[in-house]
Amino acid sequence: VSTQSTWVYVIGGCDGFEGSRSYFTDVGRELADSAVVLTLGCGKFRVNHLDRGTIGDTGIPRILDLGQCNDSYSGVRIALALKDALGCEMKDLPLSFVISWFEQKAVVVFLSLLHLGLKPLRLGPSLPAWVTPAVLDVLVKEFGVLPVGDAKTDVATIESAKGMS
C-alpha cells in the first residue's frame with residue numbers, strides 16, 4: 001500500500017441475487033477513491049462492474065478479482081505478503097474483510113480467516129442460521145466479527161480505524 005492507496009478491502013464470499021442484497025455494491029460505492037478492492041467468490045459480481053480507476057499511473061486497477069471462493073487462499077497470501085512488505089503485524093495492516101454468506105463453503109473461508117486472526121471481519125448481509133445470539137456474542141467478543149450494517153456507516157467506521165484490530 002503506497003501513498004496512492006490508503007486501504008485495501010477484501011470483498012467476497014457467496015451472495016444471492018435478491019435485489020435487497022445490495023450491501024456489497026453500496027460498500028464499493030462508498031469507499032474512498034484511494035481504496036483498493038480485492039474480490040473473491042460470487043461477491044465479486046456485486047462490485048466488479050464499478051469503475052474505481054487505477055492506482056496512480058501504474059495502470060493497475062483498483063478492483064482486482066482474485067477468483068472464486070476456492071481461490072480465497074490467494075487473498076490470504078496477498079495479506080501475508082503485504083504484512084511482510086510493510087514490516088508490520090497482521091493487526092496493523094490497512095486491510096478490511098467484508099464477507100458475504102450464502103453457501104456452506106463460505107464457512108471454511110470464514111473459519112480460516114478466524115484462525116489467522118484477521119479481524120475485524122464484517123459478515124452479512126444476513127447472518128447464517130447457525131449464528132444464534134449466543135454464537136454471535138462469542139464471535140463479536142472473541143474474534144472481532146461484526147454483522148454488516150449500513151454500508152456508508154460501516155465504511156466510515158472502517159476508514160477511521162488504524163488497522164485491522
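Biologist: How many salt bridges does the structure hold?

Modeller: The general idea is a distance test: a salt bridge is a side-chain nitrogen of Lys or Arg within 4 Å of a carboxyl oxygen of Asp or Glu. Here, the structure holds three salt bridges. Keep in mind that this is a predicted model, in which local features need pLDDT of at least 70 and side-chain atom pairs count only at pLDDT 80 or more, while totals for chains, interfaces and linings use all residues. Residues are numbered from 1 along each chain as its sequence is written, and side-chain values use heavy atoms, with hydrogens and water left out.

Biologist: Which parts does the pair Arg 122 and Asp 154 tie together?

Modeller: Helices (H or I, at least four residues) and strands (E, at least two) are DSSP runs, numbered from the N terminus. In this salt bridge, the closest N and O atoms of Arg 122 and Asp 154 are 3.9 Å apart. Arg 122 belongs to strand E5 (residues 121-124) and Asp 154 to helix H5 (residues 151-160), so the pair links parts that are 32 residues apart in sequence.

Biologist: And are Arg 122 and Asp 154 buried or exposed?

Modeller: Buried means under 20% relative accessible area, exposed over 50%, and partly exposed in between (1.4 Å probe, protein chains only). Arg 122 and Asp 154 are both buried. Now look at helix H4 (residues 133-143), where Asp 137 and Lys 141 are four residues apart, which means a separation of about one helical turn. Their closest N and O atoms are 3.3 Å apart, in a salt bridge. Asp 137 is partly exposed, because its relative accessibility is 37%, and Lys 141 is exposed, because its value is 62%. Then there is the salt bridge between Lys 83 and Asp 84, at 3.0 Å, N to O; Asp 84 has 55% relative accessibility, so it counts as exposed.

Biologist: What does the side chain of Arg 62 reach?

Modeller: For such cases, look for a polar contact: a pair of N or O atoms within 3.5 Å, where, within protein, one must be able to donate a hydrogen and the other to accept it, and residues adjacent in sequence count only if both atoms are side-chain atoms. The side chain of Arg 62 reaches the backbone oxygen of Ser 34 at 2.8 Å. A polar atom of that side chain also lies 3.5 Å from the backbone oxygen of Ala 35. Arg 62 sits in the loop between strand E2 (36-40) and strand E3 (63-65). Although buried, Arg 62 has no salt bridge, and the nearest side chain of opposite charge, Asp 33, is 7.5 Å away. For charges, Lys and Arg count as positive and Asp and Glu as negative; His and the chain ends are not counted.

Biologist: Which residues touch the most other members of the largest nonpolar core?

Modeller: In soluble globular proteins, nonpolar side chains tend to be buried together. A nonpolar core is a set of buried Ala, Val, Leu, Ile, Met, Phe, Trp, Tyr and Cys residues joined through side-chain atoms within 4.5 Å. In the largest one, of 26 residues, they are Leu 95, Phe 97, Phe 110, Leu 113 and Leu 121. Elements supplying at least two residues each include strand E4 (95-100) and helix H3 (105-115), and H3 gives the most, with four residues. Another core, of 17 residues, lies apart from it and has Ala 35 and Ile 158 among its members.
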